[in-house]
Amino acid sequence: MDLEVVLPNERPDLPPGRPAELARVAEDLGYRTAWLPDHLIPPGAFGDVFGGVYEPLVTLAHIAALTSRIRLGTSVLIVPLREPYALAKQVATLDRLAGHRFDLGVGTGWNEPEFAEVGADFGARGKRTDATLDLLRELFRTGRGPGGGYFEPRPAGPVPITVGGNSVAALRRAARIGSAWQSAGLAPADFGERAATLRALAGDRPVRATARMQWRDDAGTTAGEARAYRDAGADAVAVHFGGEEGSESRMRALAAAAG
């Protein structure tokens with residue numbers, strides 16, 4: 001089972017270099033992936049829940065320049081809030097800048113007022129997400145838009161897509177197009193049930209199952225819960241370690257406790 005880190009991105013006064021510092025620590029400790037959350041207009045203060053103060057794609061480009069091995073991803077980008085062609089250009093550019101270390105974590109969103117604020121159709125978010133992902137795959141594969149326009153840079157290979165969310169629709173989307181699925185706040189037993197559903201839906205397609213969880217009171221408790229996810233079928237556990245202050249020591253403690 002791989003350990004991954006969800007970088008803190010909840011404080012408006014977070015020093016801009018801090019996410020990259022923490023990603024470098026995670027890289028040195030052997031964490032597989034560093035994730036950043038996404039919100040354009042959250043329903044309340046960013047606080048300890050929503051995250052997304054710094055725009056994740058821009059921030060991950062900065063982190064990519066200061067790391068060399070750790071994978072980088074969004075957990076998760078709210079696709080139907082993004083203009084599809086601009087998103088395709090951003091993803092392809094980031095994939096090139098990061099040396100093909102980027103995982104596009106995607107979700108449909110859940111907060112209707114956020115959609116209203118940016119003028120997006122909340123009811124059509126699932127269809128818009130699927131249409132955008134289909135467009136990205138076609139642009140990356142052919143280098144041509146539906147109207148014949150040219151698209152570059154084209155990624156060297158498929159950009160891995162991680163589908164986030166606990167719904168059956170998310171599991172179906174992950175089984176259809178995802179390289180991975182990432183849960184959100186599920187207990188290990190519930191995670192195991194959905195992981196089994198995912199694998200049944202995916203059939204022969206290999207799709208990694210990742211459990212996203214919060215840091216608990218100490219490294220031993222957190223490591224114990226991570227093992228429970230592993231036993232329930234997790235290929236990886238992505239841990240949000242709380243606020244940025246003290247994150248390094250918590251990451252080190254979990255890496256040691258988890259072996």
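Okay, ground rules. Since the model is predicted, local features need pLDDT of at least 70 and side-chain atom pairs count only at pLDDT 80 or more, while totals for chains, interfaces and linings use all residues. Residues are numbered from 1 along each chain as its sequence is written, and side-chain values use heavy atoms, with hydrogens and water left out.

Let's start with D38. You'll find D38 in the loop between β2 (33-36) and α2 (56-65); helices here are DSSP runs of H or I with at least four residues, strands are runs of E with at least two, and both are numbered from the N terminus. So is D38 buried or exposed? D38 has a relative accessible area of 4%, so it counts as buried; the cut-offs are under 20% for buried, over 50% for exposed and partly exposed in between, with a 1.4 Å probe and protein chains only.

What does the D38 side chain reach? Another is the side chain of R82, a polar contact at 2.8 Å. By polar contact I mean N or O atoms within 3.5 Å, where within protein one must be able to donate a hydrogen and the other to accept it, and sequence neighbours count only if both atoms are side-chain atoms. Leaving out residues up to four places away in sequence, D38 touches G52, P56, V76, L77, I78 and R82, with contact meaning heavy atoms within 4.5 Å.

V76 leads us to the backbone. Most residues other than glycine have a negative phi, and most peptide bonds are trans. The bond from S75 to V76, though, is cis, with omega near -15°, and V76 is in the loop between β3 (71-74) and β4 (77-78). E152 to P153 is cis too, with omega near 0°. Then there's H100, a non-glycine residue with a positive phi, near 60°. H100 lies in the loop between α3 (84-97) and β5 (102-107).

Last, the helices. The axes of α3 and α5, lines fitted to C-alpha atoms over the stretch in contact, come within 10 Å and cross at roughly 50°, with angles running from 0 to 180 degrees between N-to-C directions. On the α3 side, the contact includes P84, Y85 and L87; on the α5 side, R128, T132 and L135 are among the residues.

That's the tour, thanks.
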